Amino acid sequence: MSRKDDKEADAFESDQASEAQIAVHWREEGYYSPSAKFIGQANASDPSINERFSEKNFPECFKEYADLLTWDKYWHTTLDTSNAPFWKWFVGGRLNASYNCVDRHLATDRNKAAIIWVPEPEDEDTEVLTYQELYVRVNEFAALLKGFCGVEIGDVATFHMPMVPDLPIAMLACARLGVIHSQVFGGFSGSACGGRIADSKSKILVTIDGYYRNGELQDHKVKADEAIARALEEGVTVEKVLVFRRNPGEYASKSPMVPGRDFFVDEIMPDYKGKLVDPVSMPAEAPLFIMYSSGTTGKPKGCQHSTGGYLAYVTGTSKYYQDIHPEDTYWCAADIGWITGHSYIVYGPLALGTTTVMYEGVPTYPDAGRMWRIAERLGVTTFHTAPTTIRTLRKLGPDEPAKYNYHFKHMTTVGEPIEPEVWRWYYDVVGKGEAVIVDTWWQTENGGFLGSTLPALNPMKPGSCGPAVIGIFPKILDENGDEVIAGSGRAGNICIRNPWPGIFQTIWGDPDRFVKTYYEKYNRDPKSTDWHDWPYFANDGAMQAADGYYRILGRVDDVINVSGHRLGTKELESAALMVDEVAEAAAVPVVDEVRGHAVEIYIAVKPGVNAEGVADKVSRMIESEIGKIARPKNVWIVADMPKTRSGKIMRRVIASISNFTDVGDITTLANPDVVTDIRHFVESEKVARGEQPRDLSAAEMESIVNFGSEG
Ligand code: PRX
């Protein structure tokens, strides 16, 4: 680095506020307005909604959400804070989630499509489950769980299921019986599933022999054997494994069925055909399910969600933020193995009696037009996906949407910050300039949305999720607990000051960790029963613009510290994406003797694009958008990024490569093969450029191996 650069870096640093405040260099984007057509039909078009959900009406405002449900017994206390921060919502109320999502729609909508399932092989027929059919199948599976497995209220059943209709059926069957379900993402390894079985002490595993992914029938049952072995190592014995079959009459797995333990569902089902099971009236605060959050380090956290509060929250937010109407065809292309799928494929949409679409496979199979063919064929009105999918589709099929005759009125982006460039492609090309977009910020722990524009009432701003959703009152705090004010251009830790019905109840089996991770940091008095003393620490960095809109920067550990200057990976990546040729970008720290860390950028270019000169363009763009301090030490052009099965770039892995250190466990990667290719390329280039491996100190090592969330 030249002297001049050094000086500029120093000048930059002296501008710094406290270490807690992450400087933010995003440019302010212009607003986009929802169309009159959208506003005309929206569920929330009356601005009085903001008043109804204002702080002075908290917590009673959430009665409006709870009243969307059918209760067996009305509650007497909306919010009980006596055991803070273990909040209880709608206390005294009783209801059944399965009844609310299925039975209550029969009177008016018995033969309306509840779930439309699209198999991955394009020559296989789409399957339509009407509300009546869903009712029958949920009852039958509930009867089987009760009769064959002997489950009881409060037991936990683990599912390791891909995107097939048996998954929501099994979830709703558990809910019908008061059994807690714990669905583990189908793409996770057997061992990851086993760890979760052991943690939840599940005696039952529901799985399938195989499923299609990228044109291939995967052997999935083999993972059940690994899962059970791992659970056993941790002292938990699974008594029964229920195995669905993807293709009737065939068995897609090489793994033998273990007599007395493994059972094909289709073989035991005849005894339960046509059986009905009464929905069990559950207390509002009874747990409905556990969803393990995919953390970076440490043991996964089993987020325990309630029946009444959770269902009320996802139903209310589905109505107002997803703008779901019963007559919509709603497609959330997430996986039910994630919280997004639980809340916004299954529980929210079905509670509202709409038609929800499920797709088995990968978005680009057999080509980048697949999603849009599905949308066209089913007449999808409402579409929901994650930035990673949007980036992939933009990379592989930038012109595909225009070839298909579908028209979305509403689209969602969820799960990570979306770069303004990518947002604009989503808006212009996927949404054809007609669809309103909500960028929804929330977490597995939260049950439902925390930040989003109200689609008819607030203008959109690319890259910002918008204001807090109704009934949510955030504030951004620095490390000292002082508020970082809106419009200051500074970021800090975003917290939610109040409880809300969708917030998880605890970490399964670990209440101390629950308090410590989410509440201890800003708690004023551990004995207090006043919710005002218990801000929820989201573990996300954020900044608030003068207009009140939040920009979420990602988990607080997704920050690269260059000479004490905290640069958000997202802002670096967003700058890189402003270069036309760039499809995907990932920023990682590399240990640097002078600056502590420097930035390295990994780039994937759009297909057919000449990568010549792109690295320079990226460097220059980052320099002009953020500053010299952020200029990457190296920009690596790679064919593909290592990604989790949920599509998030595994920055920890490329950070290890950039630092010549061991990449650690990569078994949960969707594409572990790319790691070796990238390592060969980057290490040989580095050596050619005169960089040598050196031993890292423990602290340096820590900063690399724990870098970034794997979400
Ligand atoms: O860092 C935030 C990011 O994803 C994290 C939550 O991940 P997970 O629990 O897997 O839930 C994903 C589905 C809700 C958050 O802590 N995140 C989520 N949504 C957004 C986001 N970052 C920016 N913008 C979003 N819209």
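This is a predicted model: local features need pLDDT of at least 70, side-chain atom pairs count only at pLDDT 80 or more; totals for chains, interfaces and linings use all residues.
Me: How many residues surround the ligand, and which are the closest?

Reply: The shell is read as the set of residues around the ligand. Here 16 residues surround the ligand, and the closest are D439, T440, Q443, T444 and D540. By class, the shell divides into 5 nonpolar, 6 polar and 5 charged residues.

Me: Which atoms of G415, E416 and Q443 lie by the ligand, and at what distances?

Reply: A polar contact is a pair of N or O atoms within 3.5 Å. A backbone N or O atom of G415 is 3.0 Å from a ligand oxygen, and a backbone N or O atom of E416 is 3.4 Å from a ligand nitrogen. With Q443 the side chain takes part: one of its N or O atoms lies 2.9 Å from an oxygen atom of the ligand.

Me: How much of the ligand's accessible area does the protein cover?

Reply: On its own the ligand has 540 Å² of accessible area, of which the protein covers 93%.

Me: Which elements give two or more residues to the shell?

Reply: These are β21 (436-440) and β26 (550-555). The most comes from β26, with 3 residues.

Me: Where is N446, and is N446 buried or exposed?

Reply: N446 is in the loop between β21 and β22 (474-477). Buried means under 20% relative accessible area. N446 counts as buried because its relative accessibility is 0%.

Me: What does N446 touch?

Reply: Leaving out residues up to four places away in sequence, N446 touches H305, Y313, W500, G502, I503 and Y536. With Y536 there is a polar contact between the two side chains, at 3.1 Å.

Notes:
Residues are numbered from 1 along each chain as its sequence is written. Side-chain values use heavy atoms; hydrogens and water are left out. A residue is near a molecule or strand if one of its heavy atoms lies within 4 Å of it. A polar contact is a pair of N or O atoms within 3.5 Å; within protein, one must be able to donate a hydrogen and the other to accept it, and residues adjacent in sequence count only if both atoms are side-chain atoms. Accessible areas come from the Shrake-Rupley method with a 1.4 Å probe; for residues, only the protein chains shown count as cover. Helices (H or I, at least four residues) and strands (E, at least two) are DSSP runs, numbered from the N terminus. Ala, Val, Leu, Ile, Met, Phe, Trp, Tyr, Cys and Pro count as nonpolar, Asp, Glu, Lys and Arg as charged, and the others, Gly among them, as polar. Buried means under 20% relative accessible area, exposed over 50%, partly exposed in between (1.4 Å probe, protein chains only). Contact means heavy atoms within 4.5 Å.
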